[in-house]
Structures are given as C-alpha cells and as structure tokens.
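Q: I would like to learn how to read the packing of helices in a model such as this one. Could you take me through it step by step?

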Amino acid sequence: MSTILVTGATGNVGRHIVSALAAAGHRVRALVRDPHRASLPAGVEAVRGDLTDPGSIEAALHGVTSVFLMWPGLPVSPRVVELIAEHAERVVYLSADVTDLRDGERPVVFHQEIERLIRNTGLSWTFVRAIDFAGNTLGWADQIRRGVVRLPYGQAARSLIHERDIADVAVRALTTGGHERAAYVITGPESIPQAELVRIIGEVTGRDVRWEELPAEVAREQLAAAWASAEFADARLRAWAGFVDTPERVTDTVERLLGRPARTFRSWAEDHADDFR
Ligand SMILES: NC(=O)c1ccc[n+]([C@@H]2O[C@H](COP(=O)([O-])OP(=O)(O)OC[C@H]3O[C@@H](n4cnc5c(N)ncnc54)[C@H](OP(=O)(O)O)[C@@H]3O)[C@@H](O)[C@H]2O)c1
C-alpha cells in the first residue's frame with residue numbers, strides 16, 4: 001500500500017485530511033515538528049520535520065507516493081519542493097484564490113511562487129485554491145462574547161469555506177485519478193454579508209450579537225497591528241470594500257468533485273459553537 005505524507009497535519013485543514021485518510025484505511029504519515037505533542041488518530045505515523053529545514057523532511061519522504069503540501073506563511077524554500085519531487089509522484093498543494101503567473105511575472109503572494117515551483121517539477125500536481133476559511137471568523141470570538149463586532153464593510157458578502165470541505169477535496173485529489181494539473185477554486189455554497197455571518201454565529205451560540213460599522217480608516221490601524229502588516233490590512237480592506245458591490249464569487253467545484261453541496265456557514269458555526277462561548 002502506498003504512503004501519503006501530510007504536512008500541516010495538526011493544522012486547520014491537515015488534521016481533517018489525516019483523519020479522513022486514516023478512516024478510509026490509507027497509510028498516512030504526518031509531518032510534525034514535535035511528534036510527542038502532536039495528537040493524531042490511531043495508526044497515523046508521526047515523523048519529525050520542519051519545513052524551514054529541508055534536510056529534516058527527507059526521512060519523512062522515504063517510501064511516499066503522494067504528498068499533501070501546505071505552506072505555513074514561511075519564506076519559500078525551493079529545496080522542499082525539489083525533495084518532494086525526488087521522492088513522490090503526486091502533490092496536492094493547499095493554495096489560495098490566486099492567478100496563474102505568466103512567464104517572468106513576479107509573484108504577488110507566496111502561493112504563486114510555490115505553484116510555479118511545483119509546475120516546474122515532474123510531479124503530478126493539483127492546486128486546491130481555497131477562498132478564505134470560515135475559521136477566520138474565530139478572530140471575532142472575543143467581540144462576539146462581548147456582544148458587538150466592530151469592523152468595516154458589514155455588507156461585504158463572503159463565500160467562506162468550511163475547512164472540512166477543503167480537506168475532503170484534498171483527500172479526493174490525493175486518492176482518486178483525474179485531478180492532474182487541475183487548479184480547483186473552492187468556496188462555500190453562498191455569499192453572505194459579514195454582518196449576517198455575525199448574526200448566524202450569535203443565533204447558533206445563543207447570544208445577542210450585533211455588527212457595528214467601523215470606519216475603514218479606524219479599522220486599518222487595528223488590523224495592521226493585529227496582522228503585523230499594513231500592506232496585508234490594506235489588501236483585505238480593499239477586498240472587503242469590493243465585496244459590498246460585487247459579492248465574493250461562489251463556485252460549484254466542491255459539489256462537482258464530491259457529489260454533494262459545500263457545507264454552509266451555519267453548519268461551520270454549529271461545529272465551532274463552543275469556540276465562541
Ligand atoms: N486562512 C485562510 O483564509 C486561507 C485561505 C486560503 C489559503 N490559506 C492557506 O492555507 C494554509 C494553512 O493556513 P492555516 O492558517 O490554516 O494554517 P494551519 O494549518 O493551522 O497552520 C498550522 C500548521 O502548520 C504547521 N507548521 C507551522 N510551522 C511549520 C514548520 N516550520 N514546519 C512544518 N510545519 C509547520 C503546524 O505543524 P506542527 O504540528 O509542527 O505545529 C500546523 O500543523 C496557509 O498556506 C494559508 O496561506 C489560508
């Protein structure tokens with residue numbers, strides 16, 4: 001039986017991939033920085049490795065045919081991609097909603113750089129280009145507990161995706177054929193205004209929560225501090241402003257690949273109700 005290596009195996013998406021693969025009887029190896037601290041399903045082999053130190057991942061790649069690769073926002077390491085190509089046949093990369101780079105074009109986000117590195121290997125690849133995760137709304141948890149979420153662009157309609165759907169798509173690409181050289185843009189099943197997302201979380205958790213519109217200039221400073229990047233905060237604010245007039249797009253890719261609709265934001269909130277309490 002072939003072995004599938006999962007990076008980010010304890011993370012938001014990776015942990016669901018590991019569980020789903022193990023439950024389906026696949027041989028799974030998890031790349032973790034500390035095997036003693038990682039809590040993994042029975043039967044999953046934990047191997048120590050750090051993506052900032054390419055030499056440390058070589059042992060984890062022995063005997064592996066497929067790799068789920070996520071990149072945790074670190075400086076990009078071309079050597080890691082080379083090593084994967086030296087050992088494995090297939091890679092499924094967790095990317096974001098990015099555009100393909102043209103020849104010679106400079107990447108705007110690191111995902112484009114990693115996609116280009118992967119394309120330049122002999123690997124069979126699939127890019128899972130996920131729209132923002134529903135889990136990002138956990139960043140509102142403190143404000144939800146206090147009953148008011150103060151942010152700009154309450155009418156920005158978002159198509160956030162449940163992390164389990166990302167995992168299910170990745171598992172499909174790792175374990176079935178027909179996904180070679182595919183870049184799947186995956187979203188939730190509908191676009192919902194941010195103020196409505198807050199209302200749904202309140203309803204599911206049994207709290208009275210309201211949205212309070214904050215001027216974008218005031219939010220900019222807070223978000224730049226929270227994310228330690230004024231550039232990132234500006235990019236997010238610009239995107240949200242755009243989603244007020246043009247709701248974030250919705251694709252049917254999850255449904256096409258999995259034969260069932262993408263999970264709703266309400267179902268995500270139900271799964272995470274305790275995290276907001
Ligand atoms: N959040 C979004 O809306 C969004 C949207 C599209 C794409 N993405 C992308 O999705 C990916 C996952 O994002 P996330 O926020 O959900 O992260 P995450 O999976 O929760 O990140 C934590 C995971 O990264 C692993 N990790 C961290 N540093 C590592 C290192 N140096 N070497 C090896 N493993 C390391 C951790 O492993 P240990 O067990 O070793 O701690 C843990 O499993 C990112 O590339 C992000 O850009 C996110």
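Q: Which hand does the crossing of helix 8 and helix 9 have, left-handed or right-handed?

A: A crossing counts as left-handed if the near helix is turned anticlockwise from the far one by less than a right angle, and as right-handed if clockwise. For helix 8 and helix 9 the crossing is right-handed; helices here are DSSP runs of H or I with at least four residues, numbered from the N terminus. This is a predicted model, in which local features need pLDDT of at least 70 and side-chain atom pairs count only at pLDDT 80 or more, while totals for chains, interfaces and linings use all residues. Residues are numbered from 1 along each chain as its sequence is written.

Q: At what angle do helix 8 and helix 9 pack?

A: Two packed helices are described by the angle between their axes and the distance between the axes. Helix 8 (residues 216-227) and helix 9 (residues 230-245) pack at about 135°, with axes 8 Å apart, the axes being lines fitted to C-alpha atoms over the stretch in contact, and angles running from 0 to 180 degrees between N-to-C directions. Helix 8 and helix 9 are therefore oblique to each other, since angles under 35 degrees count as roughly parallel, over 145 as roughly antiparallel, 65 to 115 as roughly perpendicular and the rest as oblique.

Q: Which residues of helix 8 and helix 9 make the contact?

A: Two residues are in contact if their C-beta atoms, placed from the backbone, lie within 7 Å. Helix 8 contributes A216, A219, R220, L223, A224 and W227, and helix 9 contributes A230, F232, A233, D234, R236 and L237.

Q: How do helix 1 and helix 6 pack?

A: Helix 1 (residues 14-23) and helix 6 (residues 163-175) have axes 8 Å apart at an angle of about 50°, and are therefore oblique to each other. Their crossing is right-handed. The contact involves H16, I17, A20 and L21 of helix 1, with E163, R164, A167, D168, A170 and V171 of helix 6.

Conventions. Helices (H or I, at least four residues) and strands (E, at least two) are DSSP runs, numbered from the N terminus.
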